[in-house]
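Please keep the sequence and the model in view while reading.

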Amino acid sequence: MVIDTFQGVSVLAFPTSPAPKQIELTMNNVVAAPTNPFTGSTQQVLAWPGGDFWSAQIAMPKLTPQQIPTWQGFLAECRGKLNTFLIGDPSYKHPQGTVKGVPVVNGAQSAMATTLSTKGWTPNSYRLLLPGDYLQVGYRLHRVIDVVNSDANGDATISLWPSLREAVTDGQAIILNNPRGLFRMSDNKQSITIDETRYGALTLTVVEAR
């Protein structure tokens, strides 16, 4: 089912039943660190701006004969790498931090920034978010790097991974509960293996949609 569009392609509803039994979210970085072949020393380290991205492998539990058609339809609607869908870490529902206030983006900020200025927190609050927490801005899933505290105005700067994908606007919503990000299939071939019991096995390899 199409729920939206993104850069001219469809954003599909990811099937909710059954829930994945395992998901491996991988943080990928593009960093060049050539090594001197004679001394073994690193000559230079260069990070490609915006070259950080998510990928994931999702293992599903055995699909019942009744569930298989839904997933077959979803795979067909993905059309390989074409269309997109939203997924998150199924084991993560809420921040570990003591969230206080209703935070939103504080001022317009450019794509590829690695920090996010926010406002709307309860002033002078500590440990609002903790390292490893997730948040969602727009269709993008980010991980919090450092402890987040608010100042006397209720403002806070959040260090993020990955960097911002698109420019954000003042007052834009920040989603802290059940955050998700936009992904697509990493391959144009997808299949469900059905055994003699008529149950199906499915593993999805996906990459952040950019």
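## Cis peptide bonds

Pro-18 sits in the loop that links strand S2 (9-12) to S3. Helices (H or I, at least four residues) and strands (E, at least two) are DSSP runs, numbered from the N terminus. The bond from Ser-17 to Pro-18 is cis, with omega near 0 degrees. A cis peptide bond also joins Trp-161 and Pro-162, where omega is about -10 degrees. Pro-162 belongs to the loop between S12 and strand S13 (174-175). Most peptide bonds are trans.

## Basis of the model

The model is predicted: local features need pLDDT of at least 70, side-chain atom pairs count only at pLDDT 80 or more, and totals for chains, interfaces and linings use all residues. Residues are numbered from 1 along each chain as its sequence is written, and side-chain values use heavy atoms, with hydrogens and water left out.

## The chain as a whole

The chain has 1 helix and 17 strands. Its C-alpha trace spans about 60 × 55 × 30 Å along the principal axes. Of the 210 residues, 42% count as buried; buried means under 20% relative accessible area, exposed over 50%, and partly exposed in between (1.4 Å probe, protein chains only). Among contacts in the chain with a separation of 6 or more, 71% come from residues 24 or more positions apart, contact meaning heavy atoms within 4.5 Å.

## The seven-stranded sheet

An open sheet of 7 strands has the order S1-S2-S7-S14-S17-S6-S3, with mixed pairing. Strands S1 (2-6) and S3 (22-28) stand at the edges with a single partner strand each, so one side of each lacks a neighbour in the sheet. Neighbouring strands of this sheet are turned by 35 degrees against each other on average, direction ignored; the axes are lines fitted to C-alpha atoms, for helices over the stretch in contact, and angles run from 0 to 180 degrees between N-to-C directions.

S3 and strand S6 (residues 53-59) run antiparallel and are joined by 7 bridges; two strands pair if DSSP finds at least two bridges between them. Glu-24 stands opposite Gln-57 in S6. Gln-57 is also among the contacts of Thr-205, as are Ala-56, Met-185 and Ser-186, leaving aside neighbours within four places in sequence. Thr-205 lies in strand S17 (residues 203-208) and counts as partly exposed, at 34% relative accessibility. Between Thr-205 and Ala-59 there are 146 residues of sequence separation, yet their C-alpha atoms are 8.8 Å apart.

Is strand S11 (residues 140-144) mostly covered or mostly open? Mostly covered: 5 of its 5 residues are buried. Arg-140, His-142 and Val-144 are on one side, and Leu-141 and Arg-143 on the other.

S11 pairs in the antiparallel sense with strand S10 (residues 134-137) over 4 bridges, and Val-137 stands opposite Arg-140. The hairpin of S10 and S11 has 2 residues between the strands, and Gly-138 there takes a positive phi near 60 degrees. S11 also pairs with strand S12 (residues 156-161), antiparallel and over 2 bridges; Val-144 has Leu-160 as its bridge partner in S12.

## Positive phi in two loops

Most residues other than glycine have a negative phi. Asn-124, in the loop between strand S9 (115-121) and S10, has a positive phi of about 55 degrees. Asn-124 is partly exposed, with a relative accessible area of 46%. Asn-178, in the loop between S13 and strand S14 (181-185), has a positive phi near 50 degrees. Asn-178 is partly exposed at 41%.
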